[in-house]
Structure formats: C-alpha cells, structure tokens
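Welcome, and please have a look at the structure below. A short tour of some of its features follows.

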Amino acid sequence: MNELLRKFPRSMESLLDILHAIQDADPQHHLSDEALQAAAEYLGAPLSEVVSTATFYTMYSRMPRGRHIIRLCESPPCQLLGGETLLDILAEDLGVAVGETAPDGAFTLETTSCLGACAEGPAMMVDDRIYGALTKEKVLSVIAEVRRSDATR
Amino acid sequence: MQPGSRAPAKETRIVLENCGRIDPESLSEAVKAGAYKAVTQVVREKRPSAEITAEIKRSGLRGRGGAGFPTGVKWSFTAPGDVKYIVCNADEGEPGTFKDRLILEGDPHKLLEGMMLAGYAVGASKGYVYIRGEYSLSIRRIQKAIDDARAGGYLGDAVLGSSFAFDIEVKKGAGAYVCGEETSLIESIEGKRGYPRLKPPYPGSVGLWKKPTVVNNVETLANVPAIIARGADWFRGFGTASSPGTKVFQILGDVETPKAVEVEMGTPLRTLIEAFGGGIRAGKRFKAALLGGAAGAIVGPGALEMPMDFDGAKERGGVLGSGAILVLDEDASVVELLHGILRFFRHESCGQCVPCRVGASVLVTLSERIRSGAATADDLERLVEVARTMQATSLCPLGQSPILPIQTAVDSFREEFEARMAKPCGAGA
C-alpha cells in the first residue's frame, strides 16, 4: 500500500487519483476501511475528509465487488434503444440484481450514466472496455467470452 | 424520408478537421497537420497577451459546453494575480453527448494548443484537463499527447525556448454528472466532494485553490488555435452573427445513421436530422427531439425549421446545449422519455441543496404516477410547479434544469400526458 501511495504528491489534489489507484489494485475493486485510513495518514488529512470524498463518486465502492464490473448505460439515448430489457437479461444471466456481486465473485452488475457511446447504443462497459450496438445475443456472448478468458487464466 | 435519397450533406470542420485523418498518438503527424502553429507564432512574435484575448472576443466564440457565454469576455474577467489556472472541462456527461470525446481521442494536440493560448492570454502557467473517469481511452490519449508535447518543447518552463511557461496535468473524475458544473469540477480537482460553490465569486476571481481560474469546455478550447492562426474575421465567416463558427451535433435515437457532425451554427434542425441523420428509421414519422441533453428541451414537429445556434434555438423554445439531438419516432413515448430524464436528475442530484435533493425525488414520484395512470388531474401542474420552484431556489444549474424538459414536453405533448394519466402503464402513448 505504501509503495502505491508514494507515487502521488502528498496533497489533497492527489486524493481522487489515490482512490482510483487503490481500487484498481484491489482484486475486489473496492476501498476498504484500512485503505482509506492509509490514504488519510499519507495525506495528513482527517479520515472523515477522505471518506467524504470516497463516498461521493459513483465509481468508488466501499463494498467488495467482483473480478469484473459490468456497467450498463441507463441514460435516455440507450434506454430508447432498448437498454432496459438488457438490464433484465444481464441480471438473469448473472443471477444478480443491480449493485450486487455474483456469489462466485466473478461479476458485479452496475448501471452508469451516459458513456458517450450513444451513436452505438445501447452500450455497456465491462471493466475498461466499452461495447456498443448491444442486443440480447451480443450481451450474452460478451459475458460468455469474459467467463471463458477467466477460465483459461 | 428515404435514406440516401439526397446528396450527402457536407460538414464544415474546424474542431474535428483532423479527427480520423491523423494518428492521434503521433505528435509529428499533428504538427504536420498544423498543430502548435498558432502558439509558436504568438510566442515567437511575443504578441501582447491582451491581443489574444481581444482576437477571441472579436471572433464571437461562445462556450460550447452549453451556456454559450462569450469566451473572450470570460477570459477578460480573469482577476489579476501571479498564479492563475486554465481548466479544461472534459467531464462530458450530458446524456447523448460525445463530442468532447471525439476531440480528446481524435486530435488531442489541438486541445492542448487551445489551453496554451488561453494560458498565454490570461497569464496562467498551469492547466488541468478534468476528464470523466469512464473515458479511459481519452485519458490515455491526452496523457500521451501531454508527454509528447513536453518532450517536444511545446510544454514546460520555457515553451519553445521562450519566457512563456505552461504545463498541463490530467485529472481523472470518478463518476459525478454534477462535476460538469465548473465550481463542482474545481472542488473535485481539489480532492473534495463535487459540491457546487455559491456564485459569485466566479472562478475568474476565486477558482482553483482560490486563484483566478478560467474554465472552458473542450470544444471551446479546440476552436482557439484556428481563430488565432486565421483570425476573427475568418471565424465570423461561419455560422450566424450572434453565434459565429461551427458546432458539433450528435444525432441519435430513431434515425437511420446516428452520428456526430460538425456544421455551421444556424443549420436547421431538419437538415441535421434528414440530411445528416439519414431521416427517421424504417420510414417512420418524426415525433419529437430532445435537444441539448437531459438539461435540454423536448420539441415537436413544429420545431424542425429551428436554426440550431444559441439564439435561434432559444427564440423558438429550444436550446442548443451540448449539441445532442435525440430523435423519437411516432412509436416512442414522450412520457417515458421525460421519466428517464427525471430519474437521471434524481440520481445525479448531489444532495447539497435541499430544493434539488428533495425536488428531484418528488419529480420522479409525480412522473411515476403519471406514467402508471395513477395521477390526479393536478399532478401534471404540480410537476411543473415543483420544477419551477427548483429553478428559482437551487444552488446550481442541475436543480435549475428539470423545468426545461418538463415545461417543453408539457407544452408540446400535453395530450399525451393527459391520455396517459387516464390509462394504466403500457396502454399506449
């Protein structure tokens, strides 16, 4: 943890970057109490300030999440193109509701505001990658592909 | 409206001129395409900084983030001081908007040059690009462009060997629509919750770290190099008298060819939808369009001749906003569209001020009653009334915005709302 923190200047300006870095490095993609404490100590800031920032932004999670995070766009352009039914398809395939993590720890299902992929909507983001022009078949094949590449790792 | 039945419409590209034509990760290709020409000339000739601001003022360039405030005037309001900042607002989050992403990913050096010229004009030596966290590729590309520009001598303590110092840093957001509001964005760079500040004071006098700060949108800054290189008169040759230049529009939804195009300001809405968007999908009829994103206006067929520039749109009950144009065909429901927008505002309300926090929630409750057929006759009026109260009392544009889609939707599609109120959900629009 300290090695990770040392890359950043000891200023509150670094806080969002630090929280991103901690979360990206964590296998469960979340911000634990210990991590937030370490960030506060490193910055010489009150823990309350660090927690205040960490709980404001939707990309940060205080709860442990799965190895892969699926974010389906729920903004009006994607909804108009059938985004809402895709959420049901994802929820059924993964066996979780929005905000939940599958028991095997593989996936967390989330919704997101506009991903800026509206010309290819409906769109979703799996980890760092955006997939557009989604249909039921495409959603299921993307998930299957992620499962396959996990299995061969 | 048959797709392909008319000659392909022609774009007028200024900010997107190099997108798709150069390798965005190559400094040399960007330079060959004209990048850093304007700033090189300005620095070499030691042009007075006031001249740069004056040129931008004369050009009539207005903020492309949506508000349309004159950019040169904003720059001239920057308070005196030793330390000032240029902040590029790349927190693109307005639903249906991806114009800034195209510039960030397609021609990042153009944006960097625009920031350098802004820094030169107002006397700032540090710039920040605040990019929303979901834009992974944009973040990588702009960071590479900064590294390359630094190595190439364009950024640093002595820009091109001159006495002008300017450097740029990327700041990654973390998922908050409200951070597109300039003071929230500043708070976020400072490592805090993205709560908007009270204005005044404006960022031009008290901004980042309490220093004078210019906050400009990506598309705005990307116009600056061409204006300085070719002059204000050249720029005024495009668009309308009160909105010179071009605008990037995103034509989406029920159209044949959803896409982004850069055209002259004042291009009629009909041309954008029919000539560029390919017309309504599957031969259907046009019903409505949401202009400018969630904080936008919902207009009907009567608005198709609307000239799409800041004043032309406003005069006819529309709005330019971010340039997003979400098209609905005859089968789509305005009630459902508005409900989606109101859910968005409820989710994105930051919770700092009471009118927005409570109001955004009440709006969804009322809208839910309307769409499920459980509303009483007064509920539609209450929807408007609550939004109007939010407009009058909220701290920032987020809470002030829902009135716009609500009022325009109710004005143009009252019958659909009333029909829906008398029927259960799913019984037709």
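## Where the chains meet

How many residues of chain B are in contact with chain A? There are 51 of them, and they touch 33 residues of chain A. Please keep in mind that this is a predicted model.

## A sheet in chain A

Chain A holds an open sheet of 4 strands in the order 2-1-3-4, and its pairing is mixed. Because strand 2 (107–112) and strand 4 (129–131) of chain A each have a single partner strand, they stand at the edges, with one side left without a neighbour in the sheet. On average, neighbouring strands of this sheet are turned by 25 degrees against each other, direction ignored.

Strand 3 (residues 124–126) of chain A pairs with strand 4 of chain A in the antiparallel sense, over 3 bridges. Val126(A) has Arg129(A) in strand 4 of chain A as its bridge partner.

## A one-sided helix in chain B

Helix 15 (residues 379–393) of chain B has 15 residues and spans 21 Å from first C-alpha to last, close to the 21 Å expected at 1.5 Å a residue. Its buried residues are Asp379(B), Leu380(B), Leu383(B), Val384(B), Val386(B), Ala387(B) and Met390(B). They cover an arc of only 165 degrees around the axis, so they lie on the same side of helix 15 of chain B.

What do these buried residues of helix 15 of chain B pack against? Their partners are helix 13 (334–348), helix 14 (354–371), helix 16 (397–400) and helix 17 (403–421) of chain B.

How values were computed:
Residues numbered from 1 in each chain as written. Chains lettered and ligands numbered in written order. Predicted model: local features only at pLDDT ≥ 70, side-chain atom pairs only at ≥ 80, totals over all residues. Heavy atoms only, no water. Pairing = 2+ DSSP bridges. Helix = DSSP H or I, 4+ residues; strand = E, 2+ residues; numbered from the N terminus. Axes fitted to C-alpha atoms, helices over the stretch in contact; angles between N-to-C directions. Expected span 1.5 Å × (residues − 1). Buried < 20%, exposed > 50% of the residue type's maximum accessible area, 1.4 Å probe, protein only. Arc of directions from axis to C-beta. Contact = heavy atoms within 4.5 Å.
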